[in-house]
Amino acid sequence: NHSPLMSFGASFVSFLNAMMTFEEEKMQLACDDLKTTEKLCESEEAGVIETIKNKIKKNVDVRKSAPSMVDRLQRQIIIADCQVYLAVLSFVKQELSAYIKGGWILRKAWKIYNKCYLDINALQELYQKKLTEESLTSDAANDNHIVAEGVSEESLNRLKGAVSFGYGLFHLCISMVPPNLLKIINLLGFPGDRLQGLSSLMYASESKDMKAPLATLALLWYHTVVRPFFALDGSDNKAGLDEAKEILLKKEAAYPNSSLFMFFKGRIQRLECQINSALTSFHTALELAVDQREIQHVCLYEIGWCSMIELNFKDAFDSFERLKNESRWSQCYYAYLTAVCQGATGDVDGAQIVFKEVQKLFKRKNNQIEQFSVKKAERFRKQTPTKALCVLASIEVLYLWKALPNCSLPNLQRMSQACHEVDDSSVVGLKYLLLGAIHKCLGNSEDAVQYFQRAVKDELCRQNNLYVQPYACYELGCLLLDKPETVGRGRTLLLQAKEDFSGYDFENRLHVRIHAALASLRELVPQ
(Lines give C-alpha, C1' and ligand atoms only; values in the text may rest on other atoms or scores of the structure.)
Protein backbone atom coordinates (compact mmCIF):
# COMPACT_ATOMS: atom_id res chain seq x y z
CA ASN A 1 0.00 0.00 0.00
CA HIS A 2 3.00 2.34 0.34
CA SER A 3 5.47 1.36 -2.40
CA PRO A 4 4.45 2.59 -5.89
CA LEU A 5 6.68 0.02 -7.59
CA MET A 6 5.33 -2.91 -5.55
CA SER A 7 1.76 -1.73 -6.11
CA PHE A 8 2.38 -1.36 -9.84
CA GLY A 9 3.94 -4.84 -10.01
CA ALA A 10 0.83 -6.36 -8.42
CA SER A 11 -1.50 -4.34 -10.69
CA PHE A 12 0.48 -5.32 -13.76
CA VAL A 13 0.13 -9.04 -12.93
CA SER A 14 -3.61 -8.45 -12.42
CA PHE A 15 -3.80 -6.73 -15.85
CA LEU A 16 -1.95 -9.58 -17.62
CA ASN A 17 -4.26 -12.10 -15.97
CA ALA A 18 -7.30 -10.18 -17.24
CA MET A 19 -5.91 -9.88 -20.79
CA MET A 20 -5.13 -13.59 -20.98
CA THR A 21 -8.54 -14.77 -19.80
CA PHE A 22 -10.97 -11.96 -20.83
CA GLU A 23 -13.07 -12.91 -17.79
CA GLU A 24 -15.31 -10.04 -16.69
CA GLU A 25 -14.52 -10.30 -12.97
CA LYS A 26 -10.75 -10.39 -13.60
CA MET A 27 -11.01 -7.36 -15.89
CA GLN A 28 -12.90 -5.44 -13.22
CA LEU A 29 -10.35 -6.46 -10.58
CA ALA A 30 -7.52 -5.26 -12.85
CA CYS A 31 -9.29 -1.89 -13.33
CA ASP A 32 -9.67 -1.48 -9.56
CA ASP A 33 -6.02 -2.44 -8.91
CA LEU A 34 -4.69 -0.06 -11.58
CA LYS A 35 -6.81 2.84 -10.26
CA THR A 36 -5.51 2.14 -6.72
CA THR A 37 -1.90 2.24 -7.99
CA GLU A 38 -2.61 5.44 -9.93
CA LYS A 39 -4.01 7.17 -6.83
CA LEU A 40 -0.98 6.05 -4.80
CA CYS A 41 1.38 7.58 -7.37
CA GLU A 42 -0.42 10.87 -7.95
CA SER A 43 1.84 13.80 -7.15
CA GLU A 44 2.65 17.24 -8.52
CA GLU A 45 3.88 17.04 -12.09
CA ALA A 46 5.28 20.52 -12.56
CA GLY A 47 8.77 21.55 -11.76
CA VAL A 48 10.61 18.23 -11.55
CA ILE A 49 13.11 18.95 -14.31
CA GLU A 50 13.42 22.66 -13.52
CA THR A 51 14.18 21.99 -9.86
CA ILE A 52 16.97 19.52 -10.69
CA LYS A 53 18.45 21.77 -13.39
CA ASN A 54 18.52 24.79 -11.10
CA LYS A 55 20.16 22.91 -8.28
CA ILE A 56 22.82 21.50 -10.60
CA LYS A 57 23.55 24.93 -12.06
CA LYS A 58 23.88 26.45 -8.60
CA ASN A 59 26.14 23.50 -7.64
CA VAL A 60 24.06 22.91 -4.52
CA ASP A 61 24.31 19.51 -2.82
CA VAL A 62 20.97 17.93 -3.62
CA ARG A 63 21.70 14.46 -2.33
CA LYS A 64 18.72 14.65 -0.01
CA SER A 65 16.28 15.84 -2.64
CA ALA A 66 17.59 13.81 -5.60
CA PRO A 67 15.97 10.49 -4.59
CA SER A 68 12.63 12.30 -4.29
CA MET A 69 13.13 13.74 -7.79
CA VAL A 70 13.82 10.26 -9.18
CA ASP A 71 10.84 8.96 -7.21
CA ARG A 72 8.54 11.63 -8.68
CA LEU A 73 9.62 10.82 -12.24
CA GLN A 74 9.10 7.11 -11.49
CA ARG A 75 5.60 7.84 -10.19
CA GLN A 76 4.70 9.80 -13.32
CA ILE A 77 5.79 6.90 -15.54
CA ILE A 78 3.75 4.45 -13.45
CA ILE A 79 0.67 6.73 -13.74
CA ALA A 80 1.07 6.76 -17.56
CA ASP A 81 1.53 2.97 -17.64
CA CYS A 82 -1.63 2.50 -15.54
CA GLN A 83 -3.59 4.78 -17.88
CA VAL A 84 -2.46 2.81 -20.95
CA TYR A 85 -3.54 -0.49 -19.36
CA LEU A 86 -6.90 1.04 -18.30
CA ALA A 87 -7.39 2.23 -21.90
CA VAL A 88 -6.65 -1.27 -23.21
CA LEU A 89 -9.23 -2.72 -20.81
CA SER A 90 -11.74 -0.14 -22.14
CA PHE A 91 -11.00 -1.03 -25.78
CA VAL A 92 -11.58 -4.73 -25.08
CA LYS A 93 -15.26 -3.93 -24.34
CA GLN A 94 -15.57 -2.85 -28.00
CA GLU A 95 -18.28 -0.25 -27.40
CA LEU A 96 -18.24 3.29 -28.86
CA SER A 97 -18.29 4.96 -25.43
CA ALA A 98 -15.42 2.70 -24.32
CA TYR A 99 -13.37 3.69 -27.41
CA ILE A 100 -13.91 7.40 -26.71
CA LYS A 101 -13.05 6.99 -23.03
CA GLY A 102 -9.99 4.89 -23.91
CA GLY A 103 -8.83 7.50 -26.43
CA TRP A 104 -8.86 10.32 -23.89
CA ILE A 105 -7.10 8.16 -21.29
CA LEU A 106 -4.39 7.43 -23.87
CA ARG A 107 -4.06 11.15 -24.62
CA LYS A 108 -3.30 11.84 -20.96
CA ALA A 109 -0.81 8.95 -20.87
CA TRP A 110 0.96 10.15 -24.03
CA LYS A 111 1.46 13.65 -22.56
CA ILE A 112 3.10 12.18 -19.46
CA TYR A 113 5.28 9.74 -21.44
CA ASN A 114 6.41 12.47 -23.82
CA LYS A 115 7.27 14.92 -21.01
CA CYS A 116 9.09 12.29 -18.92
CA TYR A 117 10.99 11.00 -21.96
CA LEU A 118 12.18 14.49 -22.92
CA ASP A 119 12.97 15.37 -19.28
CA ILE A 120 15.05 12.22 -18.69
CA ASN A 121 16.90 12.74 -21.99
CA ALA A 122 17.67 16.33 -21.01
CA LEU A 123 18.93 15.19 -17.59
CA GLN A 124 21.17 12.54 -19.13
CA GLU A 125 22.69 15.14 -21.46
CA LEU A 126 23.11 17.57 -18.57
CA TYR A 127 24.87 14.98 -16.42
CA GLN A 128 27.09 13.92 -19.31
CA LYS A 129 28.07 17.54 -19.84
CA LYS A 130 28.72 18.01 -16.12
CA LEU A 131 30.77 14.81 -15.99
CA THR A 132 32.90 15.98 -18.95
CA GLU A 133 33.51 19.34 -17.31
CA GLU A 134 34.52 17.69 -14.03
CA SER A 135 36.82 15.20 -15.77
CA LEU A 136 38.78 18.12 -17.21
CA THR A 137 39.49 19.49 -13.74
CA SER A 138 39.59 16.34 -11.65
CA ASP A 139 40.15 12.60 -11.97
CA ALA A 140 37.74 11.96 -9.13
CA ALA A 141 34.68 11.76 -11.37
CA ASN A 142 35.50 8.43 -12.95
CA ASP A 143 32.95 6.31 -11.12
CA ASN A 144 29.34 5.75 -12.16
CA HIS A 145 27.88 8.33 -9.79
CA ILE A 146 27.87 12.07 -10.13
CA VAL A 147 28.18 12.77 -6.45
CA ALA A 148 27.63 16.50 -6.67
CA GLU A 149 24.15 15.94 -8.05
CA GLY A 150 23.27 13.02 -5.80
CA VAL A 151 21.61 11.09 -8.63
CA SER A 152 23.33 8.09 -10.19
CA GLU A 153 23.55 7.62 -13.92
CA GLU A 154 22.28 4.12 -13.23
CA SER A 155 19.01 5.44 -11.80
CA LEU A 156 18.55 7.74 -14.80
CA ASN A 157 19.21 4.86 -17.19
CA ARG A 158 16.65 2.74 -15.36
CA LEU A 159 14.09 5.57 -15.59
CA LYS A 160 14.85 5.91 -19.32
CA GLY A 161 14.20 2.17 -19.66
CA ALA A 162 10.92 2.51 -17.73
CA VAL A 163 9.58 5.34 -19.90
CA SER A 164 10.93 3.89 -23.18
CA PHE A 165 8.55 0.91 -23.01
CA GLY A 166 5.35 2.96 -23.12
CA TYR A 167 6.87 5.67 -25.32
CA GLY A 168 8.08 3.10 -27.88
CA LEU A 169 4.86 1.09 -27.86
CA PHE A 170 2.88 4.27 -28.54
CA HIS A 171 5.02 5.21 -31.54
CA LEU A 172 4.93 1.70 -32.95
CA CYS A 173 1.15 1.21 -32.65
CA ILE A 174 0.23 4.66 -34.00
CA SER A 175 2.59 4.20 -36.98
CA MET A 176 0.40 1.28 -38.13
CA VAL A 177 -2.98 3.05 -37.90
CA PRO A 178 -4.91 2.93 -41.21
CA PRO A 179 -5.64 6.26 -42.97
CA ASN A 180 -9.37 6.20 -42.16
CA LEU A 181 -8.53 6.46 -38.43
CA LEU A 182 -5.61 8.88 -38.74
CA LYS A 183 -7.84 11.98 -38.44
CA ILE A 184 -9.05 10.81 -35.02
CA ILE A 185 -5.48 9.94 -33.96
CA ASN A 186 -4.19 13.36 -35.08
CA LEU A 187 -7.04 15.01 -33.21
CA LEU A 188 -5.86 13.28 -30.04
CA GLY A 189 -2.35 14.57 -30.73
CA PHE A 190 -0.45 11.28 -31.13
CA PRO A 191 2.59 10.97 -33.41
CA GLY A 192 3.68 7.70 -35.00
CA ASP A 193 7.31 7.00 -35.83
CA ARG A 194 8.01 3.30 -36.45
CA LEU A 195 11.82 3.54 -36.15
CA GLN A 196 11.58 5.65 -32.97
CA GLY A 197 9.20 3.06 -31.52
CA LEU A 198 11.53 0.16 -32.30
CA SER A 199 14.64 1.90 -30.93
CA SER A 200 12.81 2.88 -27.71
CA LEU A 201 11.55 -0.67 -27.17
CA MET A 202 15.06 -2.01 -27.83
CA TYR A 203 16.45 0.41 -25.20
CA ALA A 204 13.76 -0.72 -22.73
CA SER A 205 14.50 -4.40 -23.39
CA GLU A 206 18.22 -3.88 -22.58
CA SER A 207 17.51 -1.80 -19.46
CA LYS A 208 17.26 -2.89 -15.81
CA ASP A 209 13.62 -1.84 -15.54
CA MET A 210 11.03 -4.44 -14.46
CA LYS A 211 9.31 -4.14 -17.88
CA ALA A 212 12.49 -5.11 -19.82
CA PRO A 213 11.31 -8.72 -20.45
CA LEU A 214 7.95 -7.34 -21.63
CA ALA A 215 9.71 -4.98 -24.07
CA THR A 216 11.61 -8.00 -25.44
CA LEU A 217 8.34 -9.91 -25.92
CA ALA A 218 6.74 -6.83 -27.56
CA LEU A 219 9.61 -6.68 -30.10
CA LEU A 220 9.32 -10.41 -30.83
CA TRP A 221 5.54 -10.05 -31.23
CA TYR A 222 6.00 -7.13 -33.64
CA HIS A 223 8.61 -8.87 -35.82
CA THR A 224 6.98 -12.33 -35.93
CA VAL A 225 3.24 -11.54 -35.80
CA VAL A 226 2.44 -7.91 -36.71
CA ARG A 227 4.87 -7.36 -39.62
CA PRO A 228 3.86 -10.45 -41.64
CA PHE A 229 0.14 -10.24 -40.74
CA PHE A 230 -0.32 -6.61 -41.79
CA ALA A 231 2.13 -6.98 -44.74
CA LEU A 232 4.11 -3.97 -43.44
CA ASP A 233 6.99 -4.98 -45.70
CA GLY A 234 4.89 -5.64 -48.80
CA SER A 235 5.39 -9.08 -50.33
CA ASP A 236 8.51 -9.73 -48.20
CA ASN A 237 6.97 -12.19 -45.72
CA LYS A 238 10.30 -12.90 -44.02
CA ALA A 239 11.17 -9.30 -43.13
CA GLY A 240 11.92 -8.94 -39.43
CA LEU A 241 13.07 -12.54 -38.97
CA ASP A 242 16.76 -11.59 -38.62
CA GLU A 243 15.88 -9.08 -35.87
CA ALA A 244 13.72 -11.67 -34.09
CA LYS A 245 16.46 -14.33 -34.28
CA GLU A 246 19.02 -11.90 -32.88
CA ILE A 247 16.75 -11.07 -29.92
CA LEU A 248 16.12 -14.76 -29.18
CA LEU A 249 19.85 -15.54 -29.39
CA LYS A 250 20.65 -12.77 -26.89
CA LYS A 251 17.95 -13.78 -24.41
CA GLU A 252 18.13 -17.59 -24.74
CA ALA A 253 20.65 -17.97 -21.92
CA ALA A 254 18.59 -15.76 -19.58
CA TYR A 255 15.32 -17.63 -20.24
CA PRO A 256 16.29 -21.24 -21.13
CA ASN A 257 12.95 -22.78 -20.09
CA SER A 258 10.59 -19.98 -21.11
CA SER A 259 7.44 -21.22 -22.85
CA LEU A 260 6.96 -17.76 -24.43
CA PHE A 261 10.45 -17.66 -25.95
CA MET A 262 9.92 -21.19 -27.24
CA PHE A 263 6.62 -20.01 -28.71
CA PHE A 264 8.35 -17.18 -30.61
CA LYS A 265 11.00 -19.63 -31.83
CA GLY A 266 8.10 -21.59 -33.32
CA ARG A 267 6.72 -18.42 -34.93
CA ILE A 268 10.07 -17.78 -36.63
CA GLN A 269 10.23 -21.38 -37.88
CA ARG A 270 6.67 -21.14 -39.21
CA LEU A 271 7.51 -17.94 -41.14
CA GLU A 272 10.55 -19.73 -42.59
CA CYS A 273 8.17 -22.49 -43.79
CA GLN A 274 9.81 -25.04 -41.45
CA ILE A 275 6.43 -26.29 -40.28
CA ASN A 276 7.58 -29.57 -38.69
CA SER A 277 10.22 -27.72 -36.63
CA ALA A 278 7.61 -25.09 -35.70
CA LEU A 279 5.21 -27.83 -34.51
CA THR A 280 8.00 -29.33 -32.35
CA SER A 281 8.66 -25.88 -30.78
CA PHE A 282 4.96 -25.23 -30.12
CA HIS A 283 4.52 -28.68 -28.53
CA THR A 284 7.60 -28.03 -26.33
CA ALA A 285 6.17 -24.63 -25.33
CA LEU A 286 2.87 -26.37 -24.54
CA GLU A 287 4.66 -28.77 -22.16
CA LEU A 288 6.69 -25.95 -20.54
CA ALA A 289 3.46 -24.01 -19.89
CA VAL A 290 1.91 -26.88 -17.94
CA ASP A 291 0.51 -24.55 -15.22
CA GLN A 292 -0.18 -21.58 -17.52
CA ARG A 293 -3.52 -22.20 -19.19
CA GLU A 294 -3.51 -19.02 -21.30
CA ILE A 295 -0.05 -19.67 -22.78
CA GLN A 296 -1.13 -23.25 -23.50
CA HIS A 297 -4.06 -21.85 -25.50
CA VAL A 298 -1.78 -19.61 -27.58
CA CYS A 299 0.40 -22.66 -28.37
CA LEU A 300 -2.65 -24.80 -29.21
CA TYR A 301 -3.82 -22.06 -31.59
CA GLU A 302 -0.50 -22.14 -33.45
CA ILE A 303 -0.50 -25.96 -33.52
CA GLY A 304 -3.95 -25.78 -35.11
CA TRP A 305 -2.75 -23.30 -37.74
CA CYS A 306 0.43 -25.25 -38.54
CA SER A 307 -1.67 -28.40 -38.95
CA MET A 308 -4.00 -26.54 -41.35
CA ILE A 309 -0.95 -25.27 -43.29
CA GLU A 310 0.07 -28.94 -43.68
CA LEU A 311 -3.54 -29.84 -44.66
CA ASN A 312 -3.58 -32.14 -41.62
CA PHE A 313 -7.20 -31.37 -40.74
CA LYS A 314 -7.52 -34.08 -38.06
CA ASP A 315 -4.80 -32.54 -35.83
CA ALA A 316 -6.10 -29.04 -36.57
CA PHE A 317 -9.60 -30.16 -35.52
CA ASP A 318 -8.23 -31.58 -32.22
CA SER A 319 -6.50 -28.26 -31.35
CA PHE A 320 -9.41 -25.99 -32.25
CA GLU A 321 -11.98 -28.24 -30.54
CA ARG A 322 -9.97 -28.08 -27.32
CA LEU A 323 -9.81 -24.27 -27.63
CA LYS A 324 -13.57 -24.13 -28.25
CA ASN A 325 -14.17 -26.06 -25.03
CA GLU A 326 -11.51 -24.47 -22.82
CA SER A 327 -10.88 -20.89 -23.97
CA ARG A 328 -13.01 -17.95 -22.90
CA TRP A 329 -11.62 -15.63 -25.57
CA SER A 330 -13.82 -16.35 -28.64
CA GLN A 331 -15.61 -19.68 -28.56
CA CYS A 332 -17.61 -18.56 -31.60
CA TYR A 333 -14.45 -18.22 -33.76
CA TYR A 334 -12.95 -21.46 -32.43
CA ALA A 335 -16.24 -23.26 -33.12
CA TYR A 336 -16.11 -22.08 -36.75
CA LEU A 337 -12.50 -23.30 -37.19
CA THR A 338 -13.42 -26.60 -35.51
CA ALA A 339 -16.37 -27.12 -37.88
CA VAL A 340 -14.33 -26.21 -40.99
CA CYS A 341 -11.56 -28.68 -40.09
CA GLN A 342 -14.06 -31.38 -39.10
CA GLY A 343 -15.83 -31.02 -42.46
CA ALA A 344 -12.49 -31.04 -44.30
CA THR A 345 -11.73 -34.47 -42.78
CA GLY A 346 -14.96 -35.74 -44.38
CA ASP A 347 -17.15 -35.74 -41.24
CA VAL A 348 -19.71 -33.32 -42.70
CA ASP A 349 -22.58 -34.33 -40.39
CA GLY A 350 -20.47 -33.69 -37.30
CA ALA A 351 -19.31 -30.41 -38.85
CA GLN A 352 -22.91 -29.24 -39.39
CA ILE A 353 -23.69 -29.77 -35.67
CA VAL A 354 -20.73 -27.51 -34.76
CA PHE A 355 -21.66 -24.94 -37.44
CA LYS A 356 -25.04 -24.66 -35.67
CA GLU A 357 -23.22 -23.91 -32.39
CA VAL A 358 -21.42 -20.89 -33.89
CA GLN A 359 -24.52 -18.62 -33.74
CA LYS A 360 -25.22 -19.63 -30.10
CA LEU A 361 -21.64 -18.75 -29.11
CA PHE A 362 -21.77 -15.32 -30.82
CA LYS A 363 -21.29 -12.90 -27.90
CA ARG A 364 -19.05 -10.05 -29.07
CA LYS A 365 -21.37 -8.31 -31.51
CA ASN A 366 -18.82 -5.70 -32.67
CA ASN A 367 -15.99 -8.18 -33.16
CA GLN A 368 -15.09 -8.58 -36.86
CA ILE A 369 -13.76 -12.12 -36.44
CA GLU A 370 -16.96 -13.31 -34.75
CA GLN A 371 -19.15 -11.50 -37.31
CA PHE A 372 -17.24 -13.25 -40.11
CA SER A 373 -17.54 -16.65 -38.36
CA VAL A 374 -21.31 -16.30 -37.91
CA LYS A 375 -21.85 -15.15 -41.52
CA LYS A 376 -19.83 -18.04 -42.91
CA ALA A 377 -21.42 -20.64 -40.64
CA GLU A 378 -24.95 -19.49 -41.51
CA ARG A 379 -24.99 -21.26 -44.89
CA PHE A 380 -23.90 -24.62 -43.43
CA ARG A 381 -26.37 -24.27 -40.57
CA LYS A 382 -29.20 -24.57 -43.10
CA GLN A 383 -27.71 -27.13 -45.50
CA THR A 384 -25.22 -29.94 -45.01
CA PRO A 385 -21.72 -28.79 -46.01
CA THR A 386 -19.61 -30.72 -48.49
CA LYS A 387 -16.02 -31.76 -47.87
CA ALA A 388 -14.88 -29.66 -50.87
CA LEU A 389 -16.52 -26.50 -49.50
CA CYS A 390 -14.99 -27.08 -46.04
CA VAL A 391 -11.52 -27.47 -47.58
CA LEU A 392 -12.16 -24.23 -49.53
CA ALA A 393 -13.19 -22.53 -46.25
CA SER A 394 -9.94 -23.69 -44.61
CA ILE A 395 -7.89 -22.24 -47.51
CA GLU A 396 -9.92 -19.03 -47.16
CA VAL A 397 -8.93 -18.52 -43.50
CA LEU A 398 -5.30 -19.39 -44.34
CA TYR A 399 -5.44 -16.60 -46.95
CA LEU A 400 -7.17 -14.03 -44.74
CA TRP A 401 -4.72 -14.66 -41.87
CA LYS A 402 -1.68 -14.35 -44.23
CA ALA A 403 -0.66 -18.00 -43.75
CA LEU A 404 -0.48 -19.09 -47.42
CA PRO A 405 3.14 -17.83 -47.77
CA ASN A 406 4.08 -20.29 -44.97
CA CYS A 407 2.86 -23.29 -47.03
CA SER A 408 5.17 -25.65 -48.92
CA LEU A 409 5.00 -25.83 -52.73
CA PRO A 410 3.46 -29.37 -52.74
CA ASN A 411 0.73 -28.22 -50.31
CA LEU A 412 0.05 -25.10 -52.36
CA GLN A 413 -0.39 -27.31 -55.43
CA ARG A 414 -2.80 -29.54 -53.48
CA MET A 415 -4.76 -26.42 -52.47
CA SER A 416 -4.90 -25.28 -56.09
CA GLN A 417 -6.33 -28.66 -57.07
CA ALA A 418 -8.86 -28.50 -54.21
CA CYS A 419 -10.06 -25.06 -55.42
CA HIS A 420 -10.51 -26.34 -58.98
CA GLU A 421 -12.63 -29.22 -57.65
CA VAL A 422 -15.21 -26.83 -56.15
CA ASP A 423 -18.19 -26.50 -58.48
CA ASP A 424 -20.50 -24.00 -56.80
CA SER A 425 -21.59 -20.75 -58.52
CA SER A 426 -21.99 -18.92 -55.18
CA VAL A 427 -18.25 -19.11 -54.40
CA VAL A 428 -16.76 -18.49 -57.87
CA GLY A 429 -15.30 -15.08 -56.93
CA LEU A 430 -13.80 -16.48 -53.72
CA LYS A 431 -12.34 -19.44 -55.65
CA TYR A 432 -10.62 -17.07 -58.11
CA LEU A 433 -9.27 -14.89 -55.29
CA LEU A 434 -7.77 -17.94 -53.54
CA LEU A 435 -6.35 -19.36 -56.79
CA GLY A 436 -4.73 -15.98 -57.47
CA ALA A 437 -3.18 -15.93 -53.97
CA ILE A 438 -1.94 -19.54 -54.33
CA HIS A 439 -0.35 -18.89 -57.75
CA LYS A 440 1.26 -15.71 -56.36
CA CYS A 441 2.91 -17.86 -53.64
CA LEU A 442 3.94 -20.41 -56.30
CA GLY A 443 5.65 -17.63 -58.26
CA ASN A 444 3.23 -17.84 -61.21
CA SER A 445 2.59 -14.09 -61.49
CA GLU A 446 0.84 -14.18 -64.87
CA ASP A 447 -1.68 -16.81 -63.72
CA ALA A 448 -2.17 -14.93 -60.44
CA VAL A 449 -2.97 -11.69 -62.33
CA GLN A 450 -5.58 -13.49 -64.46
CA TYR A 451 -7.31 -15.05 -61.44
CA PHE A 452 -7.35 -11.76 -59.51
CA GLN A 453 -8.83 -9.99 -62.55
CA ARG A 454 -11.61 -12.61 -62.69
CA ALA A 455 -12.28 -12.16 -58.97
CA VAL A 456 -12.53 -8.36 -59.38
CA LYS A 457 -15.08 -8.78 -62.20
CA ASP A 458 -17.26 -11.35 -60.40
CA GLU A 459 -20.45 -9.54 -59.39
CA LEU A 460 -22.05 -12.50 -57.58
CA CYS A 461 -19.49 -12.19 -54.78
CA ARG A 462 -21.04 -8.82 -53.86
CA GLN A 463 -23.92 -10.86 -52.40
CA ASN A 464 -22.04 -13.77 -50.83
CA ASN A 465 -18.47 -12.62 -50.13
CA LEU A 466 -18.40 -8.83 -50.12
CA TYR A 467 -14.70 -8.65 -49.24
CA VAL A 468 -13.55 -10.59 -52.35
CA GLN A 469 -13.51 -7.63 -54.78
CA PRO A 470 -11.57 -5.12 -52.61
CA TYR A 471 -9.07 -7.82 -51.58
CA ALA A 472 -8.63 -8.93 -55.23
CA CYS A 473 -8.14 -5.27 -56.20
CA TYR A 474 -5.44 -4.91 -53.54
CA GLU A 475 -3.68 -8.15 -54.55
CA LEU A 476 -3.73 -7.20 -58.22
CA GLY A 477 -2.39 -3.73 -57.38
CA CYS A 478 0.50 -5.21 -55.34
CA LEU A 479 1.48 -7.55 -58.20
CA LEU A 480 1.48 -4.69 -60.72
CA LEU A 481 3.73 -2.61 -58.43
CA ASP A 482 6.50 -5.17 -59.02
CA LYS A 483 6.99 -4.07 -62.65
CA PRO A 484 8.10 -0.48 -63.46
CA GLU A 485 5.83 -0.28 -66.52
CA THR A 486 2.68 -1.14 -64.49
CA VAL A 487 3.39 0.83 -61.27
CA GLY A 488 0.84 3.54 -62.19
CA ARG A 489 -1.92 0.98 -62.77
CA GLY A 490 -0.98 -0.80 -59.53
CA ARG A 491 -1.25 2.41 -57.51
CA THR A 492 -4.65 3.17 -59.10
CA LEU A 493 -5.93 -0.29 -58.07
CA LEU A 494 -4.69 0.18 -54.48
CA LEU A 495 -6.53 3.52 -54.26
CA GLN A 496 -9.61 1.89 -55.83
CA ALA A 497 -9.52 -0.88 -53.19
CA LYS A 498 -9.26 1.78 -50.49
CA GLU A 499 -11.90 4.23 -51.73
CA ASP A 500 -14.50 2.31 -53.82
CA PHE A 501 -15.51 -0.33 -51.27
CA SER A 502 -16.85 -0.22 -47.74
CA GLY A 503 -18.76 -2.30 -45.20
CA TYR A 504 -16.99 -5.59 -45.99
CA ASP A 505 -15.31 -8.14 -43.70
CA PHE A 506 -11.90 -7.16 -42.28
CA GLU A 507 -12.01 -3.70 -43.87
CA ASN A 508 -9.58 -2.13 -41.36
CA ARG A 509 -7.19 -5.06 -41.80
CA LEU A 510 -7.03 -4.41 -45.57
CA HIS A 511 -6.69 -0.64 -45.04
CA VAL A 512 -3.56 -1.20 -42.93
CA ARG A 513 -2.09 -3.35 -45.74
CA ILE A 514 -3.00 -0.78 -48.42
CA HIS A 515 -1.51 2.00 -46.24
CA ALA A 516 1.76 0.00 -45.95
CA ALA A 517 1.88 -0.70 -49.72
CA LEU A 518 1.31 2.98 -50.64
CA ALA A 519 3.87 4.10 -48.03
CA SER A 520 6.54 1.76 -49.46
CA LEU A 521 5.69 3.05 -52.95
CA ARG A 522 6.19 6.65 -51.77
CA GLU A 523 9.63 5.68 -50.45
CA LEU A 524 10.60 4.25 -53.87
CA VAL A 525 8.89 6.89 -56.03
CA PRO A 526 8.48 10.21 -54.15
CA GLN A 527 5.12 11.74 -55.03
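Which residues in α17 meet which residues in α18?

## The pairing of α17 and α18

In this predicted model, Phe 372, Lys 376, Arg 379 and Phe 380 are the residues in α17 that meet Leu 389, Glu 396, Val 397 and Leu 400 in α18. By residue class, this contact divides into five nonpolar and three charged residues, with no polar ones.

Two packed helices are described by the angle between their axes and the distance between the axes. For helix α17, spanning residues 368-382, and helix α18, spanning residues 387-400, the axes come within 12 Å and cross at roughly 170°. Angles over 145 degrees count as roughly antiparallel, and α17 and α18 are therefore roughly antiparallel to each other.

## The nonpolar core

The largest nonpolar core has 160 residues, and those with the most contacts inside it are Trp 305, Met 308, Trp 401 and Leu 404. Helix α4, residues 66-92, gives this core its largest share, which amounts to 12 residues.

Trp 401, when residues up to four places away in sequence are not counted, touches Phe 229, Tyr 301, Trp 305, Tyr 333, Ile 369, Phe 506 and Arg 509. Trp 305, among these partners of Trp 401, is also listed with the residues that have the most contacts inside the core.

## The protein as a whole

The protein contains 25 helices and two strands, and of its 527 residues 54% are buried. Where contacts join residues at least 6 apart in sequence, 68% of them link residues at least 24 apart.

Technical notes
Residues are numbered from 1 along each chain as its sequence is written. This is a predicted model: local features need pLDDT of at least 70, side-chain atom pairs count only at pLDDT 80 or more; totals for chains, interfaces and linings use all residues. Side-chain values use heavy atoms; hydrogens and water are left out. Axes are lines fitted to C-alpha atoms, for helices over the stretch in contact, and angles run from 0 to 180 degrees between N-to-C directions. Helices (H or I, at least four residues) and strands (E, at least two) are DSSP runs, numbered from the N terminus. Angles under 35 degrees count as roughly parallel, over 145 as roughly antiparallel, 65 to 115 as roughly perpendicular and the rest as oblique. Contact means heavy atoms within 4.5 Å. Ala, Val, Leu, Ile, Met, Phe, Trp, Tyr, Cys and Pro count as nonpolar, Asp, Glu, Lys and Arg as charged, and the others, Gly among them, as polar. Buried means under 20% relative accessible area, exposed over 50%, partly exposed in between (1.4 Å probe, protein chains only). A nonpolar core is a set of buried Ala, Val, Leu, Ile, Met, Phe, Trp, Tyr and Cys residues joined through side-chain atoms within 4.5 Å.
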